[in-house]
Structure formats: C-alpha cells, structure tokens
Amino acid sequence: MYIGLEILCGIVITLIAFYCYLTINNNYWKNRGIPGPKPVPGFGNMKNVIFGKESVSQFLTRMYNEYKDEPMIGVFSKRTPVLIVKDVDLIKTILIKEFPKFANRGLFPIFSRDPLTHHLFNLEVERWKPLRTQFTPLFTSSKLKEMFSLILECSNHLESYMDTLIKKGEPIDMREVSARYTTDVVGSCAFGIDMNSLSEKESVFRRLGKLIFATNLRKILSIRIQDMLPWLYNSFLYVLPRDEKTRIIMKLMTETMEYREENNVFRPDFINMLLNLKKHPEKIDIELTDDLLAAQIFIFFAAGFETSSSTISNALYELALNPDIQEKLRKEIKEFEARNNGEWRYEIMKEMEYLEKVFQETLRKYPSLPFLNRKLINDYTFESNNVTVSKDLKIWIPVYGIHHDPDIYPDPEKFDPERFSKKEEIMKRHPMHFLPFGHGPRNCIGARFAVYQTKIGLIKILRNFEVQVCNKTLIPYKVNPYTSLLIPITGLYLNVVKLEN
C-alpha cells in the first residue's frame, strides 16, 4: 500500500515538475507589459503552426492584424519567448541603427554534425562577417555585367524548353519551369557548371533543389525534431549516414575544385573564390573546413534558384490573372527590343520602368522571405518603452503582414504595379514598409543578381508566349503551411500560348 502511494506521489510530483517546466516562462511578456496571446503549455502560441494548420508567416500576419495598434507583440514558440516587432522605427533600429546588437539571425539551429547548417544565412556574426566581406565583391555591377551573357544564354535555353513543353498541349507548371531555368543560371554563373535542367530529363541538380525544399512527411518530421528536440536530432547525426542532399553538395564541391586545380581552370565565379580562400586561409580569421565551404555552396545554390524562380512564377501567375497588365508589359518589352535591334544588355534592364514596377509589386505581394528574424547578442532595453529583453531573445519582423497592410498598401490583395509608379508616393512610405530582400548589413547579398536573372527570364517568356489561367490554376493562391518560405501548396499551372513574331 505504501509502495503504491509512493509511486502515485512520484507520478504526481513528476507531472507537476513537467508542468512547471512547460509554463515557467509564461509570464515573461506579462511582467514586461508587452501584449500578446495567452500561451498553451508545451505549444506556446504555435500549435497551429506545429500541426500544419497555418504557416509561420500566416501566424505572424494574424498577430499583426489582431494587435493592429501595438508596436510590438509578445508570443511564445513552444516555451521560448519571441518578440514580434511591428513599429517601423523599431524595425529600422534592429536592422540598421543598432545592427551589431541584433546581428545574429537565430532562425535555424546550427548542428556540429550537419555541415549544411553552417551557411552564410545562418551563421553567427563571428563567422558571418568575414565570409560576407569576402563574398560581397561577387555581386558588384562589374561582376553582374560579366555574368549577364551567361544569364542570357540560359534564358535562350528557357525559350527552347518552353517550345518543347507547348507541343504537348497541356497546362505547364511555371513554378517548375522557372526553377529549372534559375538552377541553370546559378550553375553557370556561380559554379561554372552546365546543370542541364532545361531538358525533358530531370538533372541531378534539379533533384537537389527538390530535396532542399521538399515538404514530405519525412522532411516535416525532421524539421519538427530539429526545432523541438535539437539535442536528439544532433545525436541522430552521429549514427545516421549523411542525407542525399549533403552527399550531392559535398561531391559537387570536391569534384569541381579538384578538376579546376588539376586542369588549371580559372573562372571569376563563386567556386574560384572558395578555392582562393582554401589556398590562402590567412585572408580570413576563421577556420575554413571543407564542411564550412560546402555549406556556402549549399546556400548559394538554394537561395540563388529558389527565390528568383518563385518570383518569376508568381509574376506569371498574376499576369495570367491580369491580362491587361501582361499586355502592357509585353508592349514595353517589344519597344525595348526594337529600340536595341533585338539585343539584350545589362544596362537595358535598368531602363525598363514598367518591368521594374511589375517586379516590385510581385515582391510586395509575394515576398520570398515573408518574415525576418534576428537574435539578441546581449540583454537590450528599448528606448521607446523602456522594456528590457534578455540575451538570445528571438525577434520576428512580419514582412508579409506589412506588405499586406491596407493602411500602407490600399486594397493589398489587388496586383497593382502602379503602386510603384510615382516617386512621391513611394517616398511617402517608410523604407521599412518594403522589405523583400531584408535591410541593413545582413540583407540579401545576392539581391541584384536575383533581379537580373528574374527580369531576363520574364522578358524571354513574355516576349514569345502568352500565359493564361486554366482549370488547373491555383485560384485562390494557397500557401504551403510546412515551410518558412512563401511557397504555394501546389504547382502554378498555366496555359501557355506561343505568340507570332
């Protein structure tokens, strides 16, 4: 009897201790006077996100709208306090004015046994800063001019590939087509490799892209374990073999570097810069392991193709829904083509005003990064409300919510390039009201490269083809809830018609 009572008491004490463990931080925001929803033990405010009922960006947008007049909102990701910052002046402080105090991202955990987590987007500031300094020269105007002919060559392959697909007489998944095109561009410009993605046969690099952004059950479970039980995930890495995407990236790095060294091949591209750093580690004050170099290849490949392909396919989707806008853009394309005798050059892109408006409105409505994240280096006190928050606190900036705020962008669900037509109208908006590439020192390093590969892709498609909605078109647009990026839940299928020259 006494033994049974002792066991019962032990169970009760254990349950009480576990409950205290789950709820110990629940008054974190209340104690600081920051408004926010009440957390659920074990889930915080992320229950819907964890079970796939809404994406992180949808959750943040909901919070943005529910706490419309609040400059900041306190929420919980499981047990962990997270601060959602809405006020544009506070956002500017975080991203620019006091950047060194918010320099870390803190979005994904970095695992010692997973080399691909040690990439530029994810790295802590001590390793991020010297790498960023080394990589920045790759994206100067002069470098982009050198790359432009390679981008143009890939866009010609895109045009031929579209002709092949049209002959089948079926709706075309423009998301897949765009991804194949940008995969080839990144392969050619960054790695000096013909990735051969624009063909009937799926290339190994297109397969790699699908593996990186897969949302199957296995990938979802892996992400949930990484997020909720990082120590367990790291333990698995000691006994499980490296996954397929890691093996492909490591092989790509090893074989490309060895070939260039053995054959004395020089190309002014990303791989050459990594080779140079490997040969001269004294240029950078961090340990340069093969794993660290492979992680940079991974992020340049993944970010280089995915964000631009999403922008291209989302733009085409909206142009199919708005044929008048599509025709107006096509008219500009043909005018510039005639003015320049059919020749496309780097400088021409800057002169195409309506293309720029369509590009910006696409990024406004469909920001590739629907929220920005930062992590505090040390304890910090906000001057505006004298609230002190703790070291390592995560901060989320709801880009999608800002971009869809009717007080900033009237009728935000309408696709309207004219929002970006008048400089005085643009000047009325705060710089933090448009954040498709982030802002400040840790903004997107490849933003200008993304602009040019996206624009030339759109030019080649719209000059030669008309895109139309069909019975397979995703209407309304639905976001995949299992990813941090803004990705549709299905392909973006459109009917494509070849135009007469």
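**Exercise 1. An aromatic cluster**

Phe-135, Phe-139, Phe-191, Phe-270, Phe-300 and Phe-449 form one aromatic cluster. Classify the pair of Phe-135 and Phe-270 within the ring geometry of this structure.

*Solution.* The structure is a predicted model, in which local features need pLDDT of at least 70 and side-chain atom pairs count only at pLDDT 80 or more, while totals for chains, interfaces and linings use all residues. Residues are numbered from 1 along each chain as its sequence is written, and side-chain values use heavy atoms, with hydrogens and water left out.

Step 1. Recall the rule: rings of Phe, Tyr and Trp (its six-membered ring) pair if their centres lie within 6.5 Å; planes under 30 degrees apart count as stacked, over 60 as edge-to-face and the rest as tilted. A search of the whole structure with this rule gives 18 aromatic pairs.

Step 2. Apply the rule. The ring centres of Phe-135 and Phe-270 are 5.2 Å apart and the planes stand at 65°, so this pair is edge-to-face.

Step 3. Locate the residues. Phe-135 belongs to helix H6 (residues 125-135) and Phe-270 to helix H13 (residues 270-279); the pair links distant parts of the chain, 135 residues apart. Here helices (H or I, at least four residues) and strands (E, at least two) are DSSP runs, numbered from the N terminus.

Step 4. Consider accessibility. Phe-135 and Phe-270 are both buried, where buried means under 20% relative accessible area, exposed over 50% and partly exposed in between (1.4 Å probe, protein chains only).

**Exercise 2. A pair of tyrosines**

Determine how the rings of Tyr-366 and Tyr-477 are arranged, and state where the two residues lie.

*Solution.* Step 1. The centres of Tyr-366 and Tyr-477 are 4.8 Å apart with 50° between the planes, and the pair is tilted.

Step 1. Tyr-366 lies in the loop between helix H17 (353-365) and strand E4 (372-375), and Tyr-477 in the loop between strand E8 (465-468) and strand E9 (493-498), so the pair ties together parts that are 111 residues apart in sequence.

Step 2. Tyr-366 counts as buried because its relative accessibility is 7%. Tyr-477 counts as buried at 17%.

**Exercise 3. Charges over rings**

Which rings have the charged ends of Arg-364 and Arg-429 over them?

*Solution.* Step 1. A charge sits over a ring if NZ of Lys or CZ of Arg is within 6 Å of the ring centre and within 35 degrees of the ring normal.

Step 1. Arg-364 places its charged end over the ring of Tyr-409, 5.5 Å from the centre. For Arg-429, the ring is that of Phe-420, at 5.0 Å from the centre.

**Exercise 4. The sheet containing E1**

Describe the strand order of the open sheet of 4 strands and identify its edges.

*Solution.* Step 1. The order is E1-E2-E7-E4, with mixed pairing; two strands pair if DSSP finds at least two bridges between them.

Step 1. Strand E1 (72-77) and E4 are at the edges with a single partner strand each, so one side of each has no neighbour in the sheet. From one strand to the next, the twist averages 30°.

Step 2. Strand E2 (residues 80-85) and strand E7 (residues 394-397) run parallel and are joined by 3 bridges. Leu-83 stands opposite Ile-395 in E7.

Step 3. Helix H4 (residues 56-66) packs on the sheet and touches E1, E2 and E7, its direction making about 145° with that of E1. Contact means heavy atoms within 4.5 Å; axes are lines fitted to C-alpha atoms, for helices over the stretch in contact, and angles run from 0 to 180 degrees between N-to-C directions.
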